[in-house]
Amino acid sequence: MRASVREEAIRRHDFRQEPRYAIRLKVDGDLTAYSAEQTVTLTNTTGTSLREVVFLLYPNATFLTGRGGPNLTVTSAAVNGAPVTATASGAQLVVPLPAALAPERQTTIQLKFQSRVPSMPVVHMDSAISLLRDLLRSL
């Protein structure tokens, strides 16, 4: 039996080059805020040297913040253990690399952040809290 095109593509893909995320999350008891430490191991697969890495801060997307300012604040950033000054603008976080990251080379980015859970209409908030409670019970 022949594997499907999708299965063959997955079999041939080198997942060792995919970014790896390790996240330590602490959720406040009332489920309205959280803090986290995130470590991302990233291999440069772009074919060109990188001077920075850009992250998308979903909790800071305009439809979730309205006029209330950012929901998520990055409190520290480091690259391979060395502190760097990351710059947040709206839903983007730019992390400068101390030295250019050559193609096929790897780096580790550590981020610490705090966030409040975005305000949502009651219908959606009830569903989100129920989902989070179920998730926490399963741990």
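Buried means under 20% relative accessible area, exposed means over 50%, and partly exposed lies in between. The exercises below concern a predicted model.

**Exercise 1.** Classify Glu104 by accessibility, and state where Glu104 is placed and what its phi is.

*Solution.* Step 1: the relative accessibility of Glu104 is 47%. Step 3: Glu104 is placed in the loop between strand 7 and strand 8. Step 4: its phi is near 70°, a positive value in a residue other than glycine. For comparison, most residues other than glycine have a negative phi.

**Exercise 2.** Carry out the corresponding analysis for Leu31, and describe the hairpin to which this residue belongs.

*Solution.* Step 1: strand 1 and strand 2 form a hairpin with five residues between them. Step 2: the two strands pair in the antiparallel sense over eight bridges; Leu25 has Ala36 in strand 2 as its bridge partner. Step 3: Leu31 lies in the turn, with a positive phi of about 65°, although Leu31 is not a glycine. Step 4: the relative accessibility of Leu31 is 11%, so Leu31 counts as buried.

**Exercise 3.** Decide whether strand 1 lies largely in the open or is largely buried.

*Solution.* Step 1: strand 1 covers residues 20-27, eight residues in total. Step 2: the number buried among these is zero, and therefore strand 1 lies largely in the open.

**Exercise 4.** Determine the strand order of the three-stranded open sheet and identify its edge strands.

*Solution.* Step 1: the order is 3-7-6, with antiparallel pairing. Step 2: strand 3 (50-56) and strand 6 (87-89) each pair on one side only, and these are the edge strands. Step 3: from one strand to the next, the twist averages 25°. Step 4: strand 3 and strand 7 (residues 92-101) are joined over six bridges, and Val53 stands opposite Val95 in strand 7.

Key:
Residues numbered from 1 in each chain as written. Predicted model: local features only at pLDDT ≥ 70, side-chain atom pairs only at ≥ 80, totals over all residues. Heavy atoms only, no water. Pairing = 2+ DSSP bridges. Helix = DSSP H or I, 4+ residues; strand = E, 2+ residues; numbered from the N terminus. Axes fitted to C-alpha atoms, helices over the stretch in contact; angles between N-to-C directions. Buried < 20%, exposed > 50% of the residue type's maximum accessible area, 1.4 Å probe, protein only.
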